Structures are given as C-alpha cells and as structure tokens.
Amino acid sequence: MSDDPDTDFTFARQGILFIISAPSGAGKTTLASRLFQAIPDLRPSISYTTRAPRVGEVDGRDYHFVSEDHFVRMRDAEAFAEWAYVHDFYYGTPRAPVDEAIAEGRDLLLDIDVQGAKQLKGIYPEAVSLFVLPPSWQALEQRLRGRGTDSEAVITRRLHRAREEAHAFPMYDYWIVNDDIDRAVSLLHAILIAERARVARLRTRSIA
Ligand code: ADP
Ligand code: 5GP
C-alpha cells in the first residue's frame, strides 16, 4: 500500500440496476419518489408502455406512452432489455439507457413487474432486486381504493393479480414490508447505500 498522502481512494464502479417490484397498490411509486429525493444521483429508468397516461402523468417523465404498433416495432428490433404484458398493456425497459448507465457508473431504479424482474436478473446478474409487500391484503385493498385512480373492475383484477405476484417474492434479493412509509424508506435507503459500497462492484481492486 502506498504511503503517499496524496493517494486518492475514490474508485470507479459500474452503475447498479436496482429493480423494484410490488403488487399494485403496495406503495412502490410512493417509496420510489421518496428514494429519489433521498438519493439525488439515483435516476429512474423510463419504460415504454401502450397504456394511456393517468391524470398528472407526463410523457417522457413517467413513461414513454406509445402505440401498440410502435411498441411491437421496438420489441422486434430488440430495443428492450425486457418487456412484459401487464394488466392488458405492453411495458418495456429500453436497453440503450440501461447499458449506458451501467457503463458510465450511474445507478438506475427500475419499477417493473415480476416477469420483467426475472428477465433482467437473467441478463444483468449484478442487478439488485427489491420486493415491496403491503402489511396485509386488507391494507392493499384499502390503498388501491384510497388512491382513487382505478375503476372497481380494475381494482378487482389488480387484487387478484397481487396475490399471484406475491408468490414470486422469494426470488428477490430483499423484501420490504411497506407498513410505515418512513420505516420502509429507511430500509430501502440502507440497502441501496450498502450495495454501492460492495468491493465486488469496484473496477479496480488494488491499492498501489
Ligand atoms: P403502487 O405504485 O405500488 O401501485 P402507490 O405508491 O400508488 O402504489 O400507493 C398506493 C396508495 O397507497 C397511494 O394512495 C399511497 O398514498 C398509499 N400508500 C403508500 N404507502 C403507504 C403506507 N405505508 N401507508 C399508507 N398508505 C400508503
Ligand atoms: P402501472 O400501469 O400501474 O404504471 O404499472 C403496472 C405494472 O407494470 C407495475 O407492476 C409496474 O411495475 C410494471 N411496469 C412498469 N414498467 C415496466 C417495464 O418496463 N417492464 C415491466 N416488465 N413491467 C413494468
């Protein structure tokens, strides 16, 4: 080890993909926006979707909202790192921004479903996957109704699917119960910061 007092111990590392999944209504969007405030250099991956924007959603910020034709053309050109058919619509993660972020050492948070998480972990094994659970099924139902964005039929379908999706949580690296928002955000924050400090992620591992 160098005894030069000017040795700089800041090392470059690859960007990390943080995948966050949850049954709809568990609070993933709420937790993600709190994480972006707490970790300013964490960025969202902006997915493509064929669903219509909800009130308040902005094209290019929340999603790239595209037609089914557009989506299928991108899919066939292999422009997606992963894609899935969720709740009657297509959703996909564009590949180029993900690969650029990894190469440039920037960390991304990807809010994607269980099918997408499985595909991404296959392609990017160093990705970190996080599964958010509601404290109970009853709480989940209350949150979906309380959010006021979905019709009764949509809520019923989402609740049904939530139970199916929750079975996937053992394949994730971390699980977070979103009972109290502050507690859940602190836990997520701690996981992200610790993952950034892993020696295995460094590009250079010797100190001359
Ligand atoms: P998701 O993105 O997982 O579908 P949202 O973030 O939209 O879920 O949250 C669903 C609803 O539950 C929202 O109205 C949100 O304000 C509320 N919510 C989120 N986390 C909590 C929590 N810990 N306690 C109570 N309500 C919550
Ligand atoms: P919403 O329509 O409520 O925004 O999202 C519905 C579901 O699609 C959520 O579970 C969300 O995580 C998932 N989703 C959003 N973007 C993507 C994506 O690019 N790929 C996959 N596989 N799922 C996504």
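Hi everyone. Let's start with a pair of helices: helix 5 passes helix 6 in a right-handed crossing. Before I go further, please keep in mind that this is a predicted model.

So, where are these two? Helix 5 covers residues 137-147 and helix 6 covers residues 152-166. They pack at an angle of about 145°, and their axes are 11 Å apart.

Which residues of helix 5 meet helix 6? On the helix 5 side you'll find W137, L140, E141, L144, R145 and R147. Across from them, helix 6 brings E152, I155, R158, L159, A162, R163 and A166.

The side chain of T30 places a polar atom 2.5 Å from an oxygen atom of ligand 1. K28 takes part through its backbone, with an N or O atom 2.8 Å from a ligand 1 oxygen. G27 also uses a polar backbone atom, at 2.9 Å from an oxygen atom of ligand 1. How much of ligand 1 does the protein cover? On its own the ligand has 570 Å² of accessible area, and the protein covers 75% of that.

Let's move over to ligand 2. This one has 16 residues around it, and those that come nearest are S47, R51, Y63, Y91 and D111. S47 has a polar side-chain atom 2.6 Å from an oxygen atom of ligand 2. R54 reaches in with a side-chain N or O atom, 2.9 Å from a ligand 2 oxygen. Taken alone, ligand 2 exposes 510 Å², and 93% of that is buried by the protein.

Methods: Residues are numbered from 1 along each chain as its sequence is written. Chains are lettered from A and ligands numbered from 1 in the order in which they are written. This is a predicted model: local features need pLDDT of at least 70, side-chain atom pairs count only at pLDDT 80 or more; totals for chains, interfaces and linings use all residues. Side-chain values use heavy atoms; hydrogens and water are left out. Axes are lines fitted to C-alpha atoms, for helices over the stretch in contact, and angles run from 0 to 180 degrees between N-to-C directions. Helices (H or I, at least four residues) and strands (E, at least two) are DSSP runs, numbered from the N terminus. A crossing is left-handed if the near helix is turned anticlockwise from the far one by less than a right angle, and right-handed if clockwise. Contact means heavy atoms within 4.5 Å. A polar contact is a pair of N or O atoms within 3.5 Å; within protein, one must be able to donate a hydrogen and the other to accept it, and residues adjacent in sequence count only if both atoms are side-chain atoms. Accessible areas come from the Shrake-Rupley method with a 1.4 Å probe; for residues, only the protein chains shown count as cover. A residue is near a molecule or strand if one of its heavy atoms lies within 4 Å of it.
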